[in-house]
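I opened my notebook for a quick look at one structure. Here is what I looked up, entry by entry.

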Amino acid sequence: MTNPSESIHSSATVCGSCPSTATLEFSSASCPLATDCLRWALVNPTEITRVGIWAATAPYERQRLRARLAQRLGPDWVDVLAARLQDDKDRADRARQARHHPLTVEQARLLHLDRTHNGRRGRRHSAPGEQAVHRAELLAALTNAA
C-alpha cells in the first residue's frame with residue numbers, strides 16, 4: 001500500500017488508494033477521484049504517468065485512450081478535455097449554490113413549464129425579444145394553472 005502522506009499522483013506502482021493490482025478494479029470503482037485521476041493521467045503523458053496504474057488503467061490502455069481521443073476529438077483533444085473539466089466544475093458549483101439558495105415556488109413552476117415546453121437540452125439561445133414573449137407565455141400558463 002502506498003504511504004498516505006505521499007501525493008495521490010506519485011510515481012508509485014498504483015495511484016492513491018489502490019493497494020495492489022489484484023484489487024485494482026474494486027479500489028478504483030470505489031475511489032471518488034478515479035475520473036479526475038484518469039483525466040489527469042491522460043492529459044499529462046509525463047514520466048510519472050508512463051508507469052504504474054492510474055484509475056484502473058495500465059500504461060498501454062492509457063496510450064490507446066489517448067489515440068482514440070485524438071482520433072475522435074481532433075489534435076486539440078487536451079483542450080477539449082480541459083473545457084469539459086471546467087464545465088463539470090461549473091455544473092458542480094451551480095448545484096452547490098442551488099442547495100444553498102433554493103428556487104422559490106414560482107421560479108420552480110416556471111422552470112418546470114419551460115423544461116416541459118422546450119425540453120432539457122439542445123436548445124439555442126433566444127433573442128431578448130423571444131425571451132420576453134416566452135416569459136409572457138409561461139406566466140400566462142402559470143396563472144391559468146393556479
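**Gln107.** I started with the side chain of Gln107, which reaches the backbone nitrogen of Thr104 at 2.9 Å. I use polar contact for a pair of N or O atoms within 3.5 Å; within protein, one must be able to donate a hydrogen and the other to accept it, and residues adjacent in sequence count only if both atoms are side-chain atoms. Gln107 sits in helix 5 (residues 105-118). Helices here are DSSP runs of H or I with at least four residues, strands are runs of E with at least two, and both are numbered from the N terminus. I noted Gln107 as partly exposed, because its relative accessible area is 40%. For that label, buried is under 20% relative accessible area, exposed is over 50%, and partly exposed lies in between (1.4 Å probe, protein chains only).

**A note on the model.** This is a predicted model, in which local features need pLDDT of at least 70 and side-chain atom pairs count only at pLDDT 80 or more, while totals for chains, interfaces and linings use all residues. Residues are numbered from 1 along each chain as its sequence is written, and side-chain values use heavy atoms, with hydrogens and water left out.

**Arg66.** Next I went to Arg66, in helix 3. Arg66 is buried yet has no salt bridge, and Glu61, the nearest side chain of opposite charge, is 11 Å away. A salt bridge needs a side-chain nitrogen of Lys or Arg within 4 Å of a carboxyl oxygen of Asp or Glu. For charge, Lys and Arg are positive, Asp and Glu are negative, and His and the chain ends are not counted. What does the side chain of Arg66 reach at 2.9 Å? I found the backbone oxygen of Leu42 there. Beyond its neighbours within four places in sequence, Arg66 is in contact (heavy atoms within 4.5 Å) with Ala41, Leu42, Pro45, Thr49 and Trp77.

**The tryptophans.** I found one aromatic pair in the structure. The ring centres of Trp40 and Trp54 are 5.6 Å apart and their planes are at 25°, so the pair is stacked. Rings of Phe, Tyr and Trp (its six-membered ring) pair with centres within 6.5 Å; planes under 30 degrees apart are stacked, over 60 edge-to-face, and the rest tilted. Trp40 is partly exposed at 32% relative accessible area, whereas Trp54 is buried at 0%.

**Whole chain.** Last, I logged six helices and zero strands. Of the 146 residues of the protein chain, 20% count as buried.
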